[in-house]
Amino acid sequence: MRGLKPGAHFPWRRWSIVLHRDIGYLAVAMTLAYAISGIAVNHIADWNPSYRITKTFVDVPPIAAASTPDIVAAAVERLGLTAAPTNSFRPDPQTLQMFYKAKVYHVDLPTGKVMIESTVPRRVLYEMNQLHLNRPKRAWTYVADVYGVALIILGVTGLFVLKGRLGITGRGGWLTAAGTLIPVGYWFLYLRWGYYSGQ
Amino acid sequence: MNILRTFAVALAFGALTASATMAQSTKDYGKALTLTVKTPISSILKDPRAYDGKRVLVEGLIIEVCETRGCWIRIASDKEFESLRLKVEDGVIVFPMEAKGKTVLAEGVVSVKTYTREQAIEQARMAAKERGTSARFDPSKIKGPVTEIELAGEGARVK
């Protein structure tokens, strides 16, 4: 990098553009992953964003009371399963749970009603959520920190990319103020004044 | 050159996601386990007041995982028809759904709580919602106050 001539100003606008452009390219995949996962996780009360859980029901002939290994053998045979479960448990005398990879069979012994619960990770979304929620921990914590710093740089340099009427001293300034009002206004309404909770 | 660039981007993203989800035979959650002596779950359930507030290490089969947040698991006792719920702080530990059917070694503090019938009904209603069994939920089955024994989990190793 060439040094600045005496009396010359640091070309901060040029550097803002360069940093904003290049960090933007580097951060695009992370931004998409975090944003998509963010929307998915926001609605966690309504769905499981990482797994597709399905519950289907079948009927088999009732299974008479016996020792647990005999009951498991009978359930496997009546359900037409080809392998024994990896584990089994009886939460109460009437119920048998059989665990397979990604599937659990809940057998109601007196009635023969079986709930088959299948759990499959959602493609791509599962991976995005794992990263967004920092499940891997360890090195990913630092990757996410670096990404956070990158977002700060993107935000700040973005303010100075344009100059003049559309820049921070004109339209850009008004938009920045409006954008700032969203979190600040919400904080006052929701947390400070308790507007939504009726406090 | 363009194909190469697209391939590089796809490879980078693929590697990123694959590294995050690489299968491990044993996985630790939360704080490191500090206890070495295991307490049978049946002992805790037999005399919960004796263990109330005490730190214990338990081992058992994971028979249920919170379907929405992975914030609790139910561990089978060493005796049939018994189980203990291990609750963790939301977001601090998140148990994956794949943990169901695996064995867990978990450490935490025993807590014994007594709920009024109304509280117990509300709890059971929420549990039924999480399990997707709301349609079969029958509050009339809860007759009176319910004592619930729970483990406030701090660390776990799923095998």
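Figure 1. The model shown here is predicted. Chain A has five helices and five strands. Along the sequence they follow the pattern α-β-α-β-β-β-β-α-α-α. The radius of gyration of chain A is 29 Å, while the globule rule gives 16 Å for 199 residues, so chain A is more spread out than a compact globule. The C-alpha trace of chain A spans about 95 × 50 × 25 Å along its principal axes. Now take the contacts in chain A with a separation of 6 or more: residues 24 or more positions apart account for 53% of them.

**Figure 2. Chain A is divided into two parts, domain 1 and domain 2.** Domain 1 is made of two stretches of sequence, 12-47 and 123-192. Domain 2 covers 51-121. How far apart do the C-alpha centres of the two domains of chain A lie? They lie 47 Å apart.

**Figure 3. Five strands of chain A form an open sheet.** The strand order is β1-β5-β4-β3-β2, and the pairing is antiparallel. Strands β1 (51-59) and β2 (87-92) of chain A stand at the edges. Each has a single partner strand, so one side of each is left without a neighbour in the sheet. Neighbouring strands of this sheet are turned by 20° against each other on average, with direction ignored.

Figure 4. Asp92(A) stands opposite Thr95(A), a residue of β3(A).

**Figure 5. Helix α2 of chain A packs on the sheet.** Helix α2 of chain A covers residues 68-78. Which strands does this helix touch? It touches β2, β3 and β4 (103-108) of chain A. The direction of helix α2 makes about 65° with that of β3(A).

**Figure 6. Chain B contains four helices and six strands.** From the N terminus on, the elements of chain B run α-β-α-α-β-β-β-β-α-β. Chain B has 159 residues, and 25% of them count as buried. Consider its contacts between residues at least 6 apart in sequence: 71% join residues at least 24 apart.

Notes:
Residues numbered from 1 in each chain as written. Chains lettered and ligands numbered in written order. Predicted model: local features only at pLDDT ≥ 70, side-chain atom pairs only at ≥ 80, totals over all residues. Domains from an automatic or database assignment. Helix = DSSP H or I, 4+ residues; strand = E, 2+ residues; numbered from the N terminus. Buried ≥ 20, exposed ≤ 12 C-beta atoms within 10 Å, placed from the backbone. Contact = placed C-beta atoms within 7 Å. Pairing = 2+ DSSP bridges. Axes fitted to C-alpha atoms, helices over the stretch in contact; angles between N-to-C directions. Rg over C-alpha atoms; globule rule 2.2 N^0.38 Å.
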